[in-house]
Amino acid sequence: LILVIDNTFQTSLASQIVTLTNELIADRWVVIPKYVSRTDTPVSVRNQIKAEYDADPTNVKAVYLLGHVPVASIGNFNQDGHGSRAFSSDTYYGEMTSNWSSGSCSPFTFNPLGLAVSGSVTETVETPPTTSRFCTSGGSIPSSVELQVGRVDMHSLTRIYSSSSEATLLSNYLAKVSQFKKKQFTPTERAFVRDINGQNPWGGY
């Protein structure tokens, strides 16, 4: 397992990162840590992952992204009726055998249909840099994904939890994960559904 860590937290969350690593090892993973900058390009991050995969493709099975690791966006398509654009996709870090073409293939100057901008409500559409956008046919992944990929990223949640910093939110998450692994925390089994489009959530939407 390649543990890719946002170096913003290399010092402030050092002890919790050690705990996470040890608990992953206890789960029978062999952990390969990689510290990256949130200002790196997705290409440079993927190259580090790919180097480890190419060195041992039989045993390298997963990527764990911790913190605001650079986000890649792929395609230029209108999947949801809100206008053609690229979509964020961490599968970029899991597909190891194809070449990805980066460039300005995705226009971002649009107001998503159905997301009204009025009064004090403002919808912000963030435009990723060209170096983070990858052109793919129909927005499809070039080939099968070789690696499992998961992300723990609290970067934008400070807009909701304004009283907590990004580091605090990530620290709280890591603490809860550790408690869960030790049976010190048992989550309540529940689900939340917000059906704003008149779709039946149980019908596969």
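This is a predicted model: local features need pLDDT of at least 70, side-chain atom pairs count only at pLDDT 80 or more; totals for chains, interfaces and linings use all residues.
## Terms and model

## Helix H1

Helix H1 covers residues 14–26, and at 1.5 Å a residue its 13 residues should span 18 Å, which agrees with the 18 Å that separates its end C-alpha atoms. Within H1, the residues Gln 16, Ile 17, Leu 20, Thr 21, Glu 23 and Leu 24 are buried. Seen down the helix axis, these buried residues fall within an arc of 165°, so they line one face of H1.

Most residues other than glycine have a negative phi. Against that background, Arg 28, although it is not a glycine, has a positive phi of about 80°, and this residue comes just after H1. Arg 28 is exposed, with a relative accessible area of 77%, where the cut-off for the exposed class is over 50%.

Lys 183 is not a glycine either, yet it takes a positive phi of about 60°. This lysine is found in the segment after H3, and at 65% relative accessibility Lys 183 counts as exposed.

## Aromatic rings

A search of the whole structure finds 2 aromatic pairs. In one of them, the rings of Tyr 92 and Trp 100 have their centres 5.1 Å apart and their planes at 85°, so the pair is edge-to-face, given that planes over 60 degrees apart are placed in that class. Tyr 92 and Trp 100 are both buried.

Ring pairs also bring in Tyr 93, so that Tyr 92, Tyr 93 and Trp 100 are linked into a cluster. Tyr 92 has a charged neighbour as well, for Arg 46 lies over the face of the Tyr 92 ring, at 5.3 Å from the ring centre.

Terms used
Residues are numbered from 1 along each chain as its sequence is written. Side-chain values use heavy atoms; hydrogens and water are left out. Rings of Phe, Tyr and Trp (its six-membered ring) pair if their centres lie within 6.5 Å; planes under 30 degrees apart count as stacked, over 60 as edge-to-face and the rest as tilted. Buried means under 20% relative accessible area, exposed over 50%, partly exposed in between (1.4 Å probe, protein chains only). A charge sits over a ring if NZ of Lys or CZ of Arg is within 6 Å of the ring centre and within 35 degrees of the ring normal. Helices (H or I, at least four residues) and strands (E, at least two) are DSSP runs, numbered from the N terminus. The expected span of a helix is 1.5 Å times one less than its number of residues. The arc is that of the directions from the helix axis to the C-beta atoms.
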